[in-house]
Amino acid sequence: MTRYTPLPTRPLRIGISARLLYQVPPELGFRNKTLQYLEQSLAHWIMEHGAMAFMVPAVAEDSRRAARHLSVDEYVAELDGLVLQGGADVAPQTYGQEPIDPRWSGDPVRDRYELALLRSFLDQGKPVIGVCRGCQLLNVAFGGTLYQDLQTQCPNTHRHVDAELYDQFEHDITFLQGSQLAQLYPNATQLRVTSIHHQAVAQLGKQVVVEAVSSLDGVVEAIRWTGEGYARGLQWHPEFHQGRGNLIDSAPIMLDFLQVAAQTAMRKLDDPACPDRRPPRAPLRLRADREAATPAQAAAASPK
């Protein structure tokens with residue numbers, strides 16, 4: 001009797017763009033050095049659903065030799081999806097404007113690095129999620145613009161950032177009826193999110209649609225690219241929502257993203273040049289979510 005041996009599988013591999021720190025506090029011990037880093041909650045948001053998180057390092061302007069033997073496309077070929085982190089402002093020059101205040105000059109070096117990553121992932125048919133700054137960069141990548149400072153340019157909007165409260169500052173968002181994001185939350189039209197941004201989407205990029213807005217003032221809170229591929233932007237920080245029951249459950253968004261990443265990876269297996277023949281594992285629902293759900297909901301959320 002021949003015993004069937006299932007094919008070995010692998011976890012999904014998700015890239016995270018790096019934050020760049022140019023002025024390092026002396027107590028960290030990196031004099032005159034630039035740090036590239038990620039905030040752990042973002043990695044945990046990915047890992048909690050059964051995928052592996054990899055920070056993709058940037059190549060500094062004065063270190064082109066670092067990319068001499070390794071292209072962005074080669075990096076992207078080894079990964080299944082991309083999450084663009086939050087952080088420094090997008091430079092106004094990146095979307096054809098000048099800063100209206102020196103404080104909002106942004107980081108053009110990081111812009112160039114992340115735009116190259118974004119384009120390569122989409123060219124290879126792999127999904128992208130942009131968080132906060134990442135949402136704004138997605139809009140800019142497709143030809144859109146940003147409000148450099150909401151209080152200055154849109155004085156009638158409510159506050160979207162509080163330096164003291166930071167990720168404890170919250171407000172409600174409203175999903176646009178019929179949007180794909182609303183379909184991920186079929187029983188809700190208005191939910192609560194973190195709010196840590198002073199900039200926001202202004203003119204929409206080409207083939208970019210709004211999926212959610214701030215309930216109080218209509219500021220754009222979520223966007224989606226409608227071109228051939230998957231690119232979604234979230235103005236809030238879903239990675240900060242874990243364990244806070246009054247805020248929107250971030251699991252459906254990550255599960256949707258990982259499902260697309262898995263489907264794309266499966267299609268790549270048909271390519272004779274695919275270097276890794278192991279099928280990707282299906283994304284996992286959080287155990288805590290399964291335990292809190294009804295038996296029917298838990299069964300539906302369990303991996304097949």
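**View 1. A patch of negative charge on the surface is formed by Asp73, Glu74, Glu78 and Asp123.** The model is a predicted one, in which local features need pLDDT of at least 70 and side-chain atom pairs count only at pLDDT 80 or more, while totals for chains, interfaces and linings use all residues. Residues are numbered from 1 along each chain as its sequence is written, and side-chain values use heavy atoms, with hydrogens and water left out. A patch is made of residues with over 30% relative accessible area and no salt bridge, like charges being joined within 9 Å and nonpolar side chains (Val, Leu, Ile, Met, Phe, Trp, Tyr) within 5 Å; a salt bridge is a side-chain nitrogen of Lys or Arg within 4 Å of a carboxyl oxygen of Asp or Glu. Glutamate 78 lies in the loop between α2 (72-77) and β5 (81-84), where helices (H or I, at least four residues) and strands (E, at least two) are DSSP runs numbered from the N terminus. Because its relative accessibility is 45%, glutamate 78 counts as partly exposed (buried means under 20% relative accessible area, exposed over 50%, and partly exposed in between, with a 1.4 Å probe and protein chains only).

**View 2. Tyrosine 166 and phenylalanine 240 form a tilted aromatic pair.** The structure holds four aromatic pairs, a pair being rings of Phe, Tyr and Trp (its six-membered ring) whose centres lie within 6.5 Å, with planes under 30 degrees apart counted as stacked, over 60 as edge-to-face and the rest as tilted. Here the ring centres are 6.2 Å apart and the planes stand at 55°, so the pair of tyrosine 166 and phenylalanine 240 is tilted. The pair links distant parts of the chain, 74 residues apart, with tyrosine 166 in the loop between α5 (150-153) and β8 (170-175) and phenylalanine 240 in the loop between β13 (231-234) and α7 (251-268). Tyrosine 166 counts as partly exposed at 41% relative accessibility, whereas phenylalanine 240, at 10%, counts as buried.

**View 3. Tyrosine 230 and phenylalanine 257 form another tilted aromatic pair.** Their rings are 6.3 Å apart, centre to centre, with 50° between the planes. Tyrosine 230 sits in the loop between β12 (220-225) and β13, and phenylalanine 257, 27 residues apart from it, belongs to helix α7. Both tyrosine 230 and phenylalanine 257 are buried.

**View 4. Helix α4 (residues 133-141) is mostly covered.** Eight of the nine residues of α4 are buried, among them Arg133, Cys135 and Leu138. The helix is followed by glycine 143, whose phi is positive, near 95°.

Notes. Areas by Shrake-Rupley, 256 points an atom, 1.4 Å probe, with all protein chains shown as cover. Lys, Arg positive; Asp, Glu negative; His and termini not counted. Charge placed at Lys NZ, Arg CZ, Asp CG, Glu CD.
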